[in-house]
Amino acid sequence: TPRSGYGVTVAVIDSGMVLDPSDAPRLLTSRDFTTGLTNPKASTATDPYGHGTHVASLLGANQPELRGVAPAVKLVNLRVLNGEGGGHTSHVINAVQWAVANRAAYGIDVINLSLGHPIYEPAASDPLVQAVEAAVRAGIVVVTSAGNYGVNTFTGQPGYAGISSPGNAPSAITVGAVRTADTTTRTDDLVADYSSRGPTWYDAYAKPDVVAPGHRLMGKGISGQAL
């Protein structure tokens with residue numbers, strides 16, 4: 001079906017996910033990388049923080065009251081964040097590498113990384129960036145968030161060079177957030193103040209690659225409530 005996501009599988013690397021019963025059959029597997037294991041066994045889908053559930057809902061919910069952008073997409077749940085939304089970069093890398101190794105087994109087409117950390121080094125030596133680059137070379141489309149560092153903490157005004165890693169990965173599709181003003185016209189759309197702007201630190205890459213509606217979006221929370 002056009003624009004439904006049918007035939008596409010997205011691996012969501014986040015805090016986990018808990019789906020509505022009618023959406024759950026499209027969840028192919030859940031793996032918990034907060035254990036520190038590189039190849040954890042399949043487990044029950046959980047989400048102690050709620051962010052991953054919200055992202056998964058925006059991606060693929062197919063409910064009468066809430067419909068994601070790709071309501072027929074299949075999902076792979078790779079949990080890397082704890083109940084406070086924090087985690088280890090090594091766990092994220094493990095999840096990305098697992099997705100590459102199991103790409104054929106689950107038909108993984110896309111990795112979604114709505115997370116990141118400040119850029120501490122050039123992309124060429126950043127382990128998380130290099131894991132993303134390897135995934136793209138393996139044939140997976142990697143979508144990353146630009147980050148939420150769009151405001152200069154000293155001036156309170158929109159600032160630059162706030163892209164987070166792995167949003168500085170050259171081969172990733174890095175996405176910033178747009179405020180739509182809750183209208184259907186594009187003439188009043190603006191990049192959200194908090195959305196990170198480029199260029200990237202160290203390398204001065206032109207990022208983000210694209211912006212999309214990302215402000216006040218309606219999606220499911222872990223208890224099924226709309227957020």
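My cut-offs: exposed is over 50% relative accessible area, buried is under 20%, and partly exposed is in between, with a 1.4 Å probe and protein chains only. This is a predicted model, where local features need pLDDT of at least 70 and side-chain atom pairs count only at pLDDT 80 or more, while totals for chains, interfaces and linings use all residues. Residues are numbered from 1 along each chain as its sequence is written, and side-chain values use heavy atoms, with hydrogens and water left out.

Arg 216 and Asp 182 form a salt bridge, with 3.3 Å between the closest N and O atoms. They sit 34 residues apart: Arg 216 in the segment after β8, Asp 182 in the loop between β6 and β7. A salt bridge here needs a side-chain nitrogen of Lys or Arg within 4 Å of a carboxyl oxygen of Asp or Glu.

**The other bridges**

How many salt bridges does the rule give? I got four. One of them joins Asp 32 and Arg 79 at 3.2 Å, N to O. This pair spans 47 residues, from strand β2 (residues 27-32) to strand β3 (residues 74-79). I noted strands as DSSP runs of E, at least two residues, and helices as runs of H or I, at least four, numbered from the N terminus. Asp 32 and Arg 79 are both buried.

Lys 207 also meets Asp 209 in a salt bridge, at 2.8 Å, N to O. Lys 207 has a relative accessible area of 7%, so I wrote it down as buried. Asp 209 comes to 42%, so it counts as partly exposed.

**Two helices**

Next I checked α2 (residues 89-101) against α4 (residues 127-137): their axes are 10 Å apart, at an angle of about 10°. Axes are lines fitted to C-alpha atoms over the stretch in contact, and angles between N-to-C directions run from 0 to 180 degrees. That makes α2 roughly parallel to α4, a label for angles under 35 degrees. Which residues of α2 and α4 meet? Among them are Val 92 and Val 96 in α2, and Leu 128 and Ala 131 in α4.

**Trp 201**

I found Trp 201 in the loop between β7 (190-191) and β8 (210-213). Leaving aside neighbours within four places in sequence, Trp 201 is in contact with Ile 119 and Ala 161, where contact means heavy atoms within 4.5 Å. Trp 201 and Arg 137 are 23 Å apart, C-alpha to C-alpha, and 64 residues apart in sequence.

Methods. Angles under 35 degrees count as roughly parallel, over 145 as roughly antiparallel, 65 to 115 as roughly perpendicular and the rest as oblique.
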